[in-house]
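Here is a short briefing to read alongside the model.

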Amino acid sequence: MHRLPYALLALTLTACLKPAPEQLAAQEYAGQLFPLLEDNALLAHEVLTLAASVHDKESTPEQTIERWRTRVVPLAAHLEQQVALISPPPTWQQTHGELVTVWSARAEAYADIDEALVARDTRQWNQARAAADQVKLDEEKWFTHIHNDMAAHGIAVDQYPQISSLPTP
């Protein structure tokens, strides 16, 4: 008679140790995202470093254009391509589709900024900058949403994870 409660306890503990399908799907999706989040942190670092060099008058307009064209635009395009290759679990497809849309819009806005810089077209630059600003807001909203959804599964998603060896300007 004493064996039944222990058997029930063992069965309950075993059931608790096996992750639910939703947990497994969240873990799978997070695992696919994490490498891209490191690249996203690198992109943010590149943009902020460039902005600081412009603010501090440490780079000429030509150097700024060159760095934007050779570092920022290609990295944004790379992230756009890589995020599109992810095949999320079905429960995360809509959420992931939103990220694909945001990062595609960012790549386009950054390319438009590049074109405006090369053309030295203030109107085009203002439009591209407004698009990039909107993308930033959309990205923040997406990360707030994913952070809350993943937290329900005990998973932390950091939009800009620490990278041990960031390149120097």
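Let's begin with Glu139, which lies in helix α5 (helices are DSSP runs of H or I with at least four residues, strands runs of E with at least two, numbered from the N terminus). This is a predicted model, in which local features need pLDDT of at least 70, side-chain atom pairs count only at pLDDT 80 or more, and totals for chains, interfaces and linings use all residues. Residues are numbered from 1 along each chain as its sequence is written, and side-chain values use heavy atoms, with hydrogens and water left out.

**Around Glu139**
- Glu139 has a relative accessible area of 3% and is therefore buried (buried is under 20%, exposed over 50%, partly exposed in between, with a 1.4 Å probe and protein chains only).
- Beyond residues up to four places away in sequence, Glu139 touches Asn40, Val102, Trp103, Arg106, Gln159 and Tyr160 (contact means heavy atoms within 4.5 Å).
- Between Glu139 and Gln159 there are 9.3 Å in space, C-alpha to C-alpha, and they are 20 residues apart in sequence.

**Trp103 and the nonpolar core**
- Leaving aside neighbours within four places in sequence, the contacts of Trp103 include Asn40, Glu80, Glu139 and Phe143.
- Trp103 is also among the residues with the most contacts inside the largest nonpolar core, a set of 34 residues (a core joins buried Ala, Val, Leu, Ile, Met, Phe, Trp, Tyr and Cys residues through side-chain atoms within 4.5 Å).
- Helices α2, α3, α4 and α5 each give two or more residues to this core, and the largest share, 9 residues, comes from α2.

**The largest pocket**
- The largest pocket holds about 760 Å³ of space (a pocket is an open set of points on a 1 Å grid over the protein atoms alone where a 1.4 Å probe fits, with protein on both sides within 12 Å along at least five of seven lines; lining residues have an atom within 4 Å of a point).
- Of its 27 lining residues, Val47, Ala51, Trp68, Ile113 and Arg129 are the closest to the centre.
- Helix α2 supplies the largest share of this lining, 8 residues.

**Ser59 in its loop**
- Ser59 sits in the loop between α2 and α3, and its 16% relative accessibility is why Ser59 counts as buried.
- The side chain of Ser59 makes a polar contact of 3.0 Å with that of Thr64 and one of 3.3 Å with that of Ser53 (N or O atoms within 3.5 Å; within protein, one must be able to donate a hydrogen and the other to accept it, and residues adjacent in sequence count only if both atoms are side-chain atoms).

Technical notes: Points joined across faces, edges and corners; volume = space filled by probe spheres on them.
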